Amino acid sequence: MKKVVNSPRAPKAVGPYSQAQIFKDLLFTSGQIPLDPETGAVVGNDVKTQAQRVFENLKAVLDEAGASFDTVLKATCYLKNMEDFADFNEIYAHYLGESLPARSCFEVARLPKDVLCEVELIAYVK
């Protein structure tokens with residue numbers, strides 16, 4: 001019933017986890033940070049650039065699983081600084097504004113590689 005999802009178009013997991021797991025008809029992604037899938041390097045110095053990379057990485061994982069941003073049910077977003085909320089939200093709305101999933105957004109003390117944002121999703125797999 002459980003299936004591992006790994007997309008070659010998203011950064012490889014850097015630890016003992018997968019990019020995502022499917023259980024029945026639900027997809028649970030690991031948190032994505034703004035890493036270039038080819039180089040593994042952090043992309044950008046501002047939250048808009050980093051958020052765009054995060055959502056492109058998530059899109060690759062969703063595509064690999066047979067899901068899409070339209071099937072996202074829940075998003076959990078982590079920001080290094082809540083002062084970046086409006087800029088982050090602009091990019092978030094570009095990718096998820098139509099589907100209006102449930103969402104939580106937190107300011108956290110620190111994220112991997114000192115990035116500015118991280119996002120994980122739960123989606124329905126058609």
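## Terms and model

A residue counts as buried when its relative accessible area is under 20%, as exposed when it is over 50%, and as partly exposed in between (1.4 Å probe, protein chains only). This is a predicted model, in which local features need pLDDT of at least 70 and side-chain atom pairs count only at pLDDT 80 or more, while totals for chains, interfaces and linings use all residues. Residues are numbered from 1 along each chain as its sequence is written, and side-chain values use heavy atoms, with hydrogens and water left out.

## Leu 116

Leu 116 is buried because its relative accessible area is 16%. Leu 116 sits in the loop between β5 (102-107) and β6 (117-124); strands are DSSP runs of E with at least two residues, helices are runs of H or I with at least four, and both are numbered from the N terminus.

Beyond its neighbours within four places in sequence, Leu 116 is in contact (heavy atoms within 4.5 Å) with Asn 45, Asp 46, Val 47, Gln 50, Tyr 78, Leu 79, Lys 80 and Leu 111. Its C-alpha atom is separated by 11 Å from that of Asp 87, 29 residues apart along the chain.

## Helices α1 and α2

Helix α1 (residues 47-65) packs against helix α2 (residues 85-96) at an angle of about 25°, and the axes are 8 Å apart. The axes are lines fitted to C-alpha atoms over the stretch in contact, and angles run from 0 to 180 degrees between N-to-C directions. The two helices are therefore roughly parallel, a class for angles under 35 degrees; over 145 is roughly antiparallel, 65 to 115 roughly perpendicular and the rest oblique.

On the α1 side the contact involves Val 47, Lys 48, Ala 51, Gln 52, Phe 55 and Glu 56, which meet Asp 87, Phe 88, Glu 90, Ile 91, Tyr 92, Tyr 95 and Leu 96 of α2.

## Cys 77

Cys 77 belongs to strand β4 (residues 72-79) and is buried, with a relative accessible area of 0%. Not counting residues up to four places away in sequence, Cys 77 touches Phe 88, Tyr 92, Arg 103, Ser 104, Cys 105, Phe 106, Glu 118 and Val 119. Phe 88 and Tyr 92 are also among the α2 residues that meet α1. Glu 118 lies 41 residues from Cys 77 along the chain, yet their C-alpha atoms are separated by 5.9 Å.

## Thr 29

Thr 29, in strand β3 (residues 26-29), counts as buried at 8% relative accessibility. Leaving aside neighbours within four places in sequence, its contacts are Gln 19, Ala 20, Leu 58, Val 61, Glu 120 and Leu 121.
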